Amino acid sequence: MSSPVQIAIRDLTHVYRQGGAGEREALKGISGDVYRGEFLVIIGPNGSGKSTLARHLNALLLPTAGTVAVDGLSTADPANLWEIRRRVGMVLQNPDNQLVAAVVEEDVAFGPENLGLPPEEVRRRVDGALAAVGLAEQRLRPPHLLSGGQKQRLAIAGALAMEPECLVLDEPTAMLDPAGRREVLGTLRQLNRERGMTVILVTHFMEEAALADRIWVLHGGRLVLSGSPAKVFSHRGELKDMGLTLPGAAELAWRLRQAGWPVPAEVVTLDQLVNFLVRKKQ
Ligand code: ADP
Ligand code: MG
């Protein structure tokens, strides 16, 4: 049986421009495990180190000190690089920077073709990835005519075509409108729930964090809070001090609790709050 820990991070420190002008310690002794099949959300104020941490998870950056290991493979060993990149796919903030071809399906085929896979295998992967993100019907369109949400789903399809076991997404919804954000989140939840894919989502939308199995909160390069959404959101004051506000439903639940309503701490999403209130009324 494979280990439940997929990515092990130990005392990870990252210093940019070490010894030079503008030296910056972006991560300070981070330790944590990412479990196979979980939906982990990473939040934190601007500059807290989220992108730096994300880039360590598929060896786009290497530790200044400490270790990151994917299925036991250390990112610091160059011999592991391709195996790590195969297992951990990355999707970035701006979909326009990630799309390379003039036709949707060619864009998805780009990665598998570069692996030198036979055409029928490329076809299988492209069809599977486009179906997984709900873009099968757009497969012959030019990417620039897609909506923002569709473009980001296309970028996700490109990562999926490499058949990773884990997807890391660094603020993939930051440039999208609310409808686009919902599309992308729906796709990620489906990949996680139905295909068991490990999803690590960096976001500044607290509503997205509420959907996670676990949340990590970064502040000043340190991992300062970790746990279920209910647990992390129970640190309302600390989050507020960092400039992070609870998602609307969790904030409303907190206020109701203050007013004497017995809303359980587990209520952090709108659906959960509505369910609680409906049951209460009956
Ligand atoms: P976040 O994604 O949470 O906004 P980042 O990981 O991008 O945070 O940045 C963490 C810190 O590292 C910030 O202070 C940022 O200015 C600094 N930093 C990020 N990238 C670089 C870089 N390429 N060179 C120097 N400093 C950087
Ligand atoms: Mg960032």
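1. Start at the pairing of β9 with β10. Ile-215 stands opposite Gly-227 in β10. Strand β9 covers residues 214-219 and pairs with β10 in the antiparallel sense. The pairing runs over 5 bridges. Bear in mind that this is a predicted model.

2. Now the sheet as a whole. The sheet is open and has 6 strands. Their order is β6-β7-β8-β3-β9-β10. Pairing within the sheet is mixed. At the edges are β6 (88-91) and β10 (222-227), each of which pairs on one side only. From one strand to the next, the twist averages 20 degrees.

3. Next, a helix on the sheet. Helix α5 lies across β6 and β7, the latter spanning 166-170. Relative to β6, α5 runs at about 160 degrees.

4. Helix α5 also packs with α6. The two helices comprise residues 148-160 (α5) and 178-195 (α6). Their axes come within 8 Å and cross at roughly 25 degrees. Angles under 35 degrees count as roughly parallel, so α5 and α6 are roughly parallel to each other. On the α5 side, the contact is made by Gly-149, Gln-150, Gln-152, Arg-153, Ile-156 and Leu-160. On the α6 side, it is made by Gly-180, Glu-183, Val-184, Thr-187, Leu-188 and Leu-191. By class, the residues of this contact are 5 nonpolar, 5 polar and 2 charged.

5. On to the nonpolar cores. The largest has 49 residues. Those with the most contacts inside this core are Ile-156, Leu-160, Leu-167, Leu-188, Val-217, Phe-233 and Leu-239. Helix α5 gives the largest share of the core, 6 residues. Another core lies apart from it and has 23 residues, including Ile-7, Ala-54, Val-70 and Ile-84. In soluble globular proteins, nonpolar side chains tend to be buried together.

6. Which residues does Leu-160 contact, leaving aside its neighbours within four places in sequence? They are Ala-129, Ala-132, Val-133, Leu-167, Leu-191 and Met-197.

7. Last, an arginine to check. Arg-236 is found in helix α9, residues 236-241. Is Arg-236 buried or exposed? Its relative accessibility is 15%. Buried means under 20%, so Arg-236 counts as buried. Not counting residues up to four places away in sequence, Arg-236 touches Leu-246, Glu-251 and Trp-254.

Terms used. Residues are numbered from 1 along each chain as its sequence is written. Chains are lettered from A and ligands numbered from 1 in the order in which they are written. This is a predicted model: local features need pLDDT of at least 70, side-chain atom pairs count only at pLDDT 80 or more; totals for chains, interfaces and linings use all residues. Side-chain values use heavy atoms; hydrogens and water are left out. Axes are lines fitted to C-alpha atoms, for helices over the stretch in contact, and angles run from 0 to 180 degrees between N-to-C directions. Helices (H or I, at least four residues) and strands (E, at least two) are DSSP runs, numbered from the N terminus. Angles under 35 degrees count as roughly parallel, over 145 as roughly antiparallel, 65 to 115 as roughly perpendicular and the rest as oblique. Contact means heavy atoms within 4.5 Å. Ala, Val, Leu, Ile, Met, Phe, Trp, Tyr, Cys and Pro count as nonpolar, Asp, Glu, Lys and Arg as charged, and the others, Gly among them, as polar. A nonpolar core is a set of buried Ala, Val, Leu, Ile, Met, Phe, Trp, Tyr and Cys residues joined through side-chain atoms within 4.5 Å. Buried means under 20% relative accessible area, exposed over 50%, partly exposed in between (1.4 Å probe, protein chains only). Two strands pair if DSSP finds at least two bridges between them.
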